[in-house]
Structure formats: structure tokens, C-alpha cells
Amino acid sequence: MSAAFVHTARSWIGTPYMHQASVKGVGCDCLGLLRGVWREVLGAEPEPVPIYTADWSEPQGEERLYRAALRHMKQVDSDTFESGQVILFRMRDGAVAKHLGIVSAPDPEAQFIHAYSGHGVTESPLSRPWRKRIVARFEISQG
């Protein structure tokens with residue numbers, strides 16, 4: 001399944017960044033990318049996503065995205081990055097975790113696919129600066 005997840009995520013590359021959207025070729029944000037790939041590979045999303053603002057969860061300091069990930073995926077404790085894993089990032093020290101990516105190439109030259117403002121969906125090296133921001137990694141399993 002990880003190969004299907006990566007193949008599908010790569011088909012989203014070039015989709016423009018659009019907050020709260022999840023439509024391939026039209027627009028998505030990082031959560032929208034994961035939602036869209038999930039729908040294509042696994043079917044219906046596991047729960048509805050509420051409307052969210054750019055600063056969602058920050059004023060309250062709530063780890064909403066992390067908790068949602070724990071509800072629907074298995075957290076990975078290994079130090080090795082494998083294709084198809086979902087990565088959760090904290091973009092600033094002390095901030096809530098709210099950026100997602102999908103590992104597209106394993107270690108030692110790991111890469112990930114993600115969507116972010118000003119860039120849209122792109123594949124990036126999982127460089128040291130990105131690795132320092134990682135909060136957790138997850139595996140998606142059927143059933």
C-alpha cells in the first residue's frame with residue numbers, strides 16, 4: 001500500500017496551494033493533500049474535517065492534528081524513514097504541530113511530498129532543517 005500512497009501523492013505534484021482545499025490539480029494545503037491521497041487510495045476519509053483557520057489550534061495550544069493522526073494511523077518509533085509514512089511537523093519551537101508530508105523516498109536520501117504556501121505540492125529532500133521539525137511519523141494501514 002505504501003507504493004500506491006506514494007504514487008498517488010506524486011500525481012498531486014504541481015497542485016497549487018489553497019487553504020482548506022483537497023482537490024488534485026485545483027488546490028490543496030498539507031492536510032488537503034493527505035485527505036485527497038487517502039480518498040484515492042483508501043476510500044472515504046475516516047472523519048469529517050472541521051473548518052479551520054491558518055492559526056487553528058495555536059491560541060489554545062491544542063495538538064488537534066496530532067490527536068487526529070493518532071486516531072487513524074499507527075505511530076512509528078523507528079529511526080528509519082520508509083516510503084509512504086506520514087510525517088507531522090512543528091514549524092516553530094513551542095508551536096503546535098500542523099504541517100504534514102508523505103515520505104516518498106526512503107533513507108538514506110529520504111524525500112517527502114507536501115503542500116505549502118507559495119510552493120503548492122512539491123517533493124523535497126528530508127533535509128536536516130526539516131528533520132529537526134518532526135514531531136511524529138505514522139504508518140497507514142488498511143482496516
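1. Helices (H or I, at least four residues) and strands (E, at least two) are DSSP runs, numbered from the N terminus. The model is predicted: local features need pLDDT of at least 70, side-chain atom pairs count only at pLDDT 80 or more, and totals for chains, interfaces and linings use all residues. Residues are numbered from 1 along each chain as its sequence is written, and side-chain values use heavy atoms, with hydrogens and water left out.

2. Start with Asp-29. Asp-29 sits in the loop between strand E2 (27-28) and H2. Asp-29 is buried yet has no salt bridge. Buried means under 20% relative accessible area, exposed over 50%, and partly exposed in between (1.4 Å probe, protein chains only). A salt bridge puts a side-chain nitrogen of Lys or Arg within 4 Å of a carboxyl oxygen of Asp or Glu. The nearest side chain of opposite charge is Arg-35, 6.0 Å away. For charge, Lys and Arg count as positive and Asp and Glu as negative; His and the chain ends are not counted.

3. What does the side chain of Asp-29 meet? A polar atom of that side chain lies 2.7 Å from the backbone nitrogen of Gly-32. The backbone nitrogen of Leu-31 lies 3.3 Å from a polar atom of the Asp-29 side chain. A polar contact is a pair of N or O atoms within 3.5 Å; within protein, one must be able to donate a hydrogen and the other to accept it, and residues adjacent in sequence count only if both atoms are side-chain atoms. Leaving out residues up to four places away in sequence, Asp-29 touches Tyr-17, Met-18, His-19, Gln-20, Ala-21, Tyr-52 and Ala-115. Contact means heavy atoms within 4.5 Å.

4. Gln-20, one of the residues touched by Asp-29, deserves a look. Its phi is positive, about 70 degrees, although Gln-20 is not a glycine. Gln-20 lies in the loop between H1 and strand E1 (22-23). With a relative accessible area of 29%, Gln-20 is partly exposed.

5. Next, helix H1 (residues 2-10). Its buried residues are Phe-5, Val-6, Thr-8 and Ala-9. Down the axis of H1 they fall within an arc of 165 degrees, so they line one face of the helix. The arc is that of the directions from the helix axis to the C-beta atoms. Exposed Ala-3 and His-7 are on the face of H1 turned away from its buried side. The cover over the buried residues includes helix H2 (30-42) and strands E4 (86-89), E5 (99-105) and E6 (111-116).

6. Which residues do ring pairs link into a cluster? They are Phe-89, Phe-112, Tyr-116 and Trp-130. Rings of Phe, Tyr and Trp (its six-membered ring) pair if their centres lie within 6.5 Å; planes under 30 degrees apart count as stacked, over 60 as edge-to-face and the rest as tilted. The whole structure has 5 aromatic pairs. Phe-112 and Trp-130 have ring centres 5.1 Å apart and planes at 70 degrees, so the pair is edge-to-face. This pair links distant parts of the chain, Phe-112 in strand E6 and Trp-130 in helix H4 (residues 128-132), 18 residues apart. Phe-112 is buried at 0% relative accessibility.

7. The peptide bond from Asp-107 to Pro-108 is cis, with omega near 15 degrees. Pro-108 lies in the loop between E5 and E6.
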